[in-house]
2 protein chains.
Amino acid sequence: MPLAAHTRSEVLRVGPLEILPDEHLARAADRALMLSIRELRLLTELARRADRIMAREELFSLVWGREMRTGDRSVDVYVRKLRVKLEAALPDWSFIHTHFGFGYRMAAERTQRTRHGNERFTTG
Amino acid sequence: MPLAAHTRSEVLRVGPLEILPDEHLARAADRALMLSIRELRLLTELARRADRIMAREELFSLVWGREMRTGDRSVDVYVRKLRVKLEAALPDWSFIHTHFGFGYRMAAERTQRTRHGNERFTTG
DNA sequence: GGCCGGCGTTCACGGCCCGTTCACATCTCC
DNA sequence: GGAGATGTGAACGGGCCGTGAACGCCGGCC
């Protein structure tokens, strides 16, 4: 496999989620998700670094291609949009996890509602 | 199955839709669709790459056999014509899905009307 | 030839999607 | 409780796309 593996037909898998950046397409359970360009790019960059906490600034510069202004909420807004669509497609899963004060982390986790209703264990 | 499968008696199936390019024929529920040459060619090229997003430029060059001029809306107009005829033949299905800023994607999906009338996440 | 209808192309209008930003609500941590 | 971070809904403007229709071309028919 070449170094620049994502130059051609890259396929990202995060749990039941499948992302094909070169096809501008993301699939969940064999259904295509209807994502806008920004949404797909953000999802792609998150998925490329799954299980890692990504700072807002890092995400922004990867997706928007420029430095993030302090106070810019674009990342938050698009995380929200992705969460809504992912929740609709895969109600039993959660993918984008907030790390207070740092940023977000992509990881497929079942939304097992325990009697404590507590799913946190990841800390920063 | 031979590599150049569509050189002879190619049969494309997309959900309940059946396309026989060599016979200049498309069938839905055992009924032949009345399609013009252009319509059939566009439908064929879309069906050959089902589940993949095809850029307008790519579609145009495949169907029209020349480069697309910027701003040319021919693909859109013919997508519309196909949608009308497919909708008439198979009201419960949708086949040609718009991907904003890129082009179109062929995939058979049921048009499940929720109580909110919102089909966005089903790609429909 | 003249009429007619289907087809392909092009245009224009309008609706809606998308990206951006703001305002307010809610949450986290101390 | 309080300050700051994050969640969430919505407004707004630009531009992409849906849509109807006009126009010319061509072949069929009388």
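**Surfaces near the DNA strands and the chain contact**

By class, seven nonpolar, four polar and eight charged residues make up the surface near DNA strand C, where near means that the C-beta atom, placed from the backbone, lies within 6 Å of the strand. Ala, Val, Leu, Ile, Met, Phe, Trp, Tyr, Cys and Pro count as nonpolar, Asp, Glu, Lys and Arg as charged, and the others, Gly among them, as polar. The model is predicted: local features need pLDDT of at least 70 and side-chain atom pairs count only at pLDDT 80 or more, whereas totals for chains, interfaces and linings use all residues. Residues are numbered from 1 along each chain as its sequence is written, with chains lettered from A and ligands numbered from 1 in the order in which they are written.

Of the 19 residues around DNA strand C, those that come nearest are A:Ser36, A:Ile37, B:Ser36, B:Ile37 and B:Arg38. At least two residues each come from α1 (37–48) and α3 (74–89) of chain A and from α1 (37–48) and α3 (74–89) of chain B; helices are DSSP runs of H or I with at least four residues, numbered from the N terminus.

DNA strand D is surrounded by 17 residues, the closest being A:Arg80, A:Thr98, B:Asp76, B:Arg80 and B:Thr98. Two or more residues of this surface are given by α3 of chain A and by α3 of chain B, and α3(B) gives the most, with five. Six nonpolar, four polar and seven charged residues are found there.

The contact between the chains (C-beta atoms, placed from the backbone, within 7 Å) takes eleven residues from chain A and twelve from chain B. On the chain B side, five are nonpolar, four polar and three charged.

Conventions:
Two residues are in contact if their C-beta atoms, placed from the backbone, lie within 7 Å.
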